[in-house]
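Q: Hi! I have a new model open on my screen and would like a quick tour. Could you walk me through it?

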Amino acid sequence: MEFNSDFLKKEVRCGFEIPVMMKRAWAAQMEILKIIDEICKKNNLRYFASYGTLLGAVRHKGYIPWDDDIDLGMLREDYMKLIKILPEQLPPGFVVTGIHAEKPEYQTAETWQLMVAADRDLWDINEYMKFFHGYPYKYVCVDIFPFDYVSNDEEEYKLQKALIQKGSLIVKNWEVLKKANVLEKYLNDYEAQTGVTLPRENAKVEILRLMDALARLNQSGEKVEVMLWEYILHYQADWFQNTVNMPFENTEIPVPAEYDRVLRTVYGDYLQPVKGTAVHGYPFYKEMNEIFEQQLKDADVPYTVEDFCEKVMNDEIHVDWV
């Protein structure tokens, strides 16, 4: 993607200073967004901006200044089709990570949503940094959330939700339960309640996969919900039947045609900016930056991370130690 010369500079938006590295991360994520968009269009799959990305598109015509990721949504049918298509159609260097990953090295119990990522280890680092606008860290990714139909049978829905929440409780408190010597009891109880035997190897990922299967049991209804999300928010299903394109930084992104109703369901009065409302630590690359700083130090590179990025981008240095 092409960005104007000012995009990769430090900037203040809405009184919030966006550092250069965050701009690099935004640009890198937008490269992945472009790939997802191309695959979805090729296969007639509908996706849309969701959560903070939807709010950013509508209110800021791009990222919320204090946001650091791209969140997309898909109705479950398209979501499942995309999971099957991605391994065959992603370009070299790009992978699926999380519970939907085929390869064990990309499976993680840290996130349950579909994640499309670029793995720096699959690239020459010089090419990786140039393709991703100077972004130097091991991973850059985009999240895609499934919107599932809510059962019209209230008791059925309550049971479905309870089983999903219990699975989430086990995964989140895994070490606490293990230390208290009750983990196996919880796993046995969960197996009895769901009727599914859980392999003990990679058990946390298996629980999240079971939760995902529980979330998609109902295939029709008037309302949809992101079932595995800890917050219970119901939307009218027909709000997502059509999308419109909106400006997003230097490109466009599809949003639900009924975006106002979606945003008011999530945020209420969404037009008034509220700083510092991200649900995860900002910036997302903080730990990766610490690791990379140590890598530079171990390689006797006499530059800060940002100076290093600039020099690689300008062909002043060539990296052969990663």
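Q: Great. What kind of model is it?
A: This is a predicted model.

Q: How many helices and strands does the protein chain have?
A: The secondary structure comes to 11 helices and 11 strands.

Q: And what are the dimensions of the C-alpha trace along its principal axes?
A: The trace spans about 65 × 45 × 40 Å.

Q: What share of the residues is buried?
A: Buried residues make up 50% of the 322 in the protein chain.

Q: What about contacts between residues at least 24 apart?
A: Take the contacts between residues at least 6 apart in sequence: 66% of those join residues at least 24 apart.

Q: Okay, helices now. Is α2 mostly covered or mostly open?
A: Helix α2, residues 51-60, is mostly covered, with 10 of its 10 residues buried. Among them are Tyr51, Gly52 and Thr53 at one end of the list, and Arg59 and His60 at the other.

Q: What follows α2?
A: Lysine 61 does, and its phi is positive, near 60 degrees.

Q: Let's zoom in on threonine 53. Why does it count as buried?
A: Threonine 53 is found in α2. It counts as buried because its relative accessible area is 2%, and the cut-off for buried is under 20%.

Q: Which residues does threonine 53 touch, leaving aside its neighbours within four places in sequence?
A: Threonine 53 is in contact with Asp67, Asp69, Ile70, Asp71, Phe248 and Ile253.

Q: Switching to helix packing. How do you describe two packed helices?
A: You give the angle between their axes and the distance between the axes.

Q: Then how do α2 and α9 pack?
A: Helix α9 covers residues 259-267, and its axis lies 11 Å from that of α2, at an angle of about 125 degrees. The two helices are therefore oblique to each other. Their crossing is left-handed.

Q: Which residues make that contact?
A: On the α2 side you have Tyr51, Gly52, Leu54, Leu55 and Val58, and on the α9 side Tyr259, Val262, Leu263 and Tyr267. By class, eight of the contact residues are nonpolar, one is polar and none is charged.

Q: What about α1 and α3?
A: Helix α1, residues 20-42, packs against α3 at an angle of about 115 degrees, with the axes 11 Å apart. That makes the pair roughly perpendicular, and the crossing is right-handed.

Q: Who meets whom there?
A: Ile39, Cys40 and Lys42 from α1 meet Leu82, Ile85, Leu86 and Gln89 from α3. The contact of α1 with α3 has five nonpolar residues, one polar and one charged.

Q: And how do α5 and α8 cross?
A: Helix α5 is residues 154-172 and helix α8 is residues 203-215; their axes come within 9 Å and cross at roughly 165 degrees. The two are therefore roughly antiparallel. The crossing of α5 and α8 is left-handed.

Q: Which residues meet between α5 and α8?
A: From α5 there are Gln160, Leu163, Ile164, Gly167, Ser168, Ile170 and Val171, and they meet Lys204, Ile207, Leu208, Met211, Leu214 and Ala215 of α8. By class, this contact has nine nonpolar residues, three polar and one charged.

Q: Back to α3. Is arginine 76 buried or exposed?
A: Arginine 76 is found in α3, which runs over residues 76-89. Arginine 76 counts as buried, at 3% relative accessibility.

Q: What is arginine 76 in contact with, apart from its neighbours within four places in sequence?
A: Its contacts are Pro146, Phe147, Asp148, Asp212, Ala215 and Arg216.

Q: Where is methionine 80 relative to isoleucine 207?
A: Their C-alpha atoms are separated by 18 Å, and the two residues are 127 apart along the chain.

Technical notes
Residues numbered from 1 in each chain as written. Predicted model: local features only at pLDDT ≥ 70, side-chain atom pairs only at ≥ 80, totals over all residues. Heavy atoms only, no water. Buried < 20%, exposed > 50% of the residue type's maximum accessible area, 1.4 Å probe, protein only. Helix = DSSP H or I, 4+ residues; strand = E, 2+ residues; numbered from the N terminus. Contact = heavy atoms within 4.5 Å. Axes fitted to C-alpha atoms, helices over the stretch in contact; angles between N-to-C directions. Parallel < 35°, antiparallel > 145°, perpendicular 65-115°, else oblique. Left-handed = near helix turned anticlockwise from the far one by under 90°. Nonpolar A, V, L, I, M, F, W, Y, C, P; charged D, E, K, R; others polar.
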